[in-house]
Amino acid sequence: MAETITVDYLVIGAGAMGMAFTDTLLTDTKATVAIVDRYAQPGGHWSVAYPFVRLHQPSNFYGVNSQELGENTIDQTGWNKGLFELATGDEVLAYYSKVMNRTFLPSGRVSYYPKHEYLGKGEFRSIVTNKIYRVGEKTRIVNATYMKVEVPSMRPPKYQVAEGVNLVIPNDLPKISRPYGGYTVVGAGKTGIDTCLWLLANGVDPVHISWIMPRDSWYVERGALQPGPEFAESTAASVAAFNESVMAATSPEDLFLRLQSFQQLTRLDEQVWPTMFRCATVSMAELEQIRKITKIIRQGRVVRLTADEVTLERGTYKPVPDSLYIDCTADGLAKTDPVPVFLGNQITLQSVRQCQQVFSAAFIAHVEATYGNDEVKKNGLCRVIPHPDETMDYLIINFQTYKNGLSWNAEPQTVAWLAQSRLDWFRIFLPQAPEDPAQAAAFYQAVAAQAEGICAKLEELIGQLPEKDASRAKAQLARF
């Protein structure tokens, strides 16, 4: 028989989004929360990620609003030298453990159920004992797992692997005990980049690395996303460069070329036009390193691996004998169909700002805490921005982000919350508003006018996409 617990919120998932939502709810309300998670510690996919994983963005913008992650320092060595620190996986896990055990649980308002799985309809079960718990009918259910984060350790590869093939996931790389004839990285996303950098950092000659790259990607240049007064001048230049590029662009292709000329975006090969954008971020030093890998196989996704042949969607090739394959094909963040964030007693955490899932979860908690039972208003402030996948999505998510920002800036309570949110990396792009109310109103009016102009131009550029892409983009924006 199920045991009934009484809480205001049941959060499904103690990953980054669930933790960020709960943190803001604790800060901004007096609510009680139960957190259910299948893993034995908070941190979600970080618990099973590869040991050399790091954030791709500064630690300043990750975690929960109430507590800093890292030491707010600038790296002095390595390929991130000169930029703000990037937390390692171990640091992220230790951080979330500290948040849970030193803030959430001592508050007396959070109960935590590790090694439990959600069954639906307000019930969850212990994986260890099979004991079932149930929440009351008035409890609001918060789904912090909807975005389906996936890393290689969570599933086998989707292609065929013959017996005798040396295939590992990135988690196993630090365990290898001998050299191989060659190293083949399968997958072109963030995990693939990290794996290439790990191989290079550990002395593997680039000539011995092959990279199966179904699609080339546009990368965000990390130097354009730096907080702090040290980067105030370069940040202002980045904002100006983006605005200038959008307003002057004569076509979608021209926009990307302009952004590349300002080092807002970059790509692996100047001769290959990327067809993918998934928010991956690199430093120029990291880009210099991965460009040393010249064996790039662009023949689609892997279909089958055997000891003496690699079969892809658009061809085959003979691998180096005794090759080690590293599977980096997990989807990371899937592009899921958007659903209403607020629907009855259900809250589904999704991105409401481009490439900023953790901030989005904290923002949704702010909206939940601030705007009562007005579901229409709350969903209006939390219009969902699906995770990007194709190059054209860069236009769409920027348009949607600016549109959401315009809605937020019309709400004084939200403006005040954003001003103190450490997770809000957009703060670094705007000068501080004047303290004088009249001057502040004029400031925000000017910001809104500029944002409206950018939205109008982005919408124009979206209309110039090839007919198939434009139709898909318009369909996505129609649901926005």
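The largest share of the lining of the second largest pocket comes from helix α3 (residues 190-201), which gives four residues. Helices here are DSSP runs of H or I with at least four residues, strands are runs of E with at least two, and both are numbered from the N terminus. A pocket is found on a 1 Å grid over the protein atoms alone: an open set of points with protein on both sides within 12 Å along at least five of seven lines. In total, 16 residues line the second largest pocket. Nearest its centre lie Phe52, Arg54, Trp79, Leu197 and Glu286. The space in this pocket is about 290 Å³. Such a volume is the space filled by probe spheres set on the grid points, which are joined across faces, edges and corners.

This is a predicted model, so local features need pLDDT of at least 70 and side-chain atom pairs count only at pLDDT 80 or more, while totals for chains, interfaces and linings use all residues. Residues are numbered from 1 along each chain as its sequence is written, and side-chain values use heavy atoms, with hydrogens and water left out.

Next, the closed space. A cavity is a set of grid points where a 1.4 Å probe fits but cannot get out, and lining residues, for cavities and pockets, have an atom within 4 Å of a point. The count comes to one cavity of 30 Å³ or more. The largest cavity holds about 50 Å³ of space. Its lining consists of Tyr146, Met147, Ala334, Thr336, Pro338, Gln350, Ser351, Val384, Ile385, Pro386 and His387.

Leaving out residues up to four places away in sequence, Thr348 touches Asn143, Tyr146, Val339, Pro340 and Val341. Contact means heavy atoms within 4.5 Å. Thr348 lies in strand β24 (residues 346-348). Its relative accessible area is 12%, so Thr348 is buried. Buried means under 20% relative accessible area, exposed means over 50%, and partly exposed is in between, with a 1.4 Å probe and protein chains only.

Now the helices. Helix α11 (residues 437-463) has 27 residues. From first C-alpha to last, α11 reaches 39 Å, close to the 39 Å expected at 1.5 Å a residue. The expected span is 1.5 Å times one less than the number of residues. Asp436 caps the N-terminal end of α11, with a side-chain oxygen 3.2 Å from the backbone nitrogen of Ala438. The buried residues of α11 are Ala440, Phe443, Val447, Ala451, Ile454, Cys455, Lys457, Leu458, Leu461 and Ile462. Their cover includes α4 (232-248), α5 (252-261), α9 (393-408) and α12 (467-478).

Of its 16 residues, 14 are buried, so α9 is largely enclosed by the rest of the structure. Its end C-alpha atoms are 22 Å apart, which agrees with the 22 Å that 16 residues should span at 1.5 Å a residue.

From α5, the chain can be followed into a loop. Gln263 is found in the loop between α5 and β15 (265-267). Phi of Gln263 is near 60°, a positive value in a residue other than glycine. Gln263 is partly exposed, with a relative accessible area of 42%. Lys148 is not a glycine either, yet has a positive phi of about 55°. Lys148 is found in the loop between β8 (140-143) and β9 (149-150).

The strands remain. Two strands pair if DSSP finds at least two bridges between them. Strand β2 (residues 9-12) and β3 pair in the parallel sense over four bridges. Within that pair, Val33 is the bridge partner of Tyr9. Both faces of strand β3 (residues 33-36) are covered. Val33 and Ile35 on one side and Ala34 and Val36 on the other are all buried.

Two hairpins share β6. Strand β5 (residues 116-120) runs antiparallel to strand β6 (residues 123-126), joined by four bridges. His116 has Ser126 as its bridge partner. Two residues lie between β5 and β6 in their hairpin, and Lys121 in the turn has a positive phi of about 55°. On to strand β7 (residues 132-135): β6 pairs with β7 in the antiparallel sense over three bridges. Glu123 stands opposite Arg134.

Gln160 stands opposite Arg304 in β18.

How values were computed: Polar contact = N/O pair within 3.5 Å; in protein donor to acceptor, adjacent residues only side chain to side chain.
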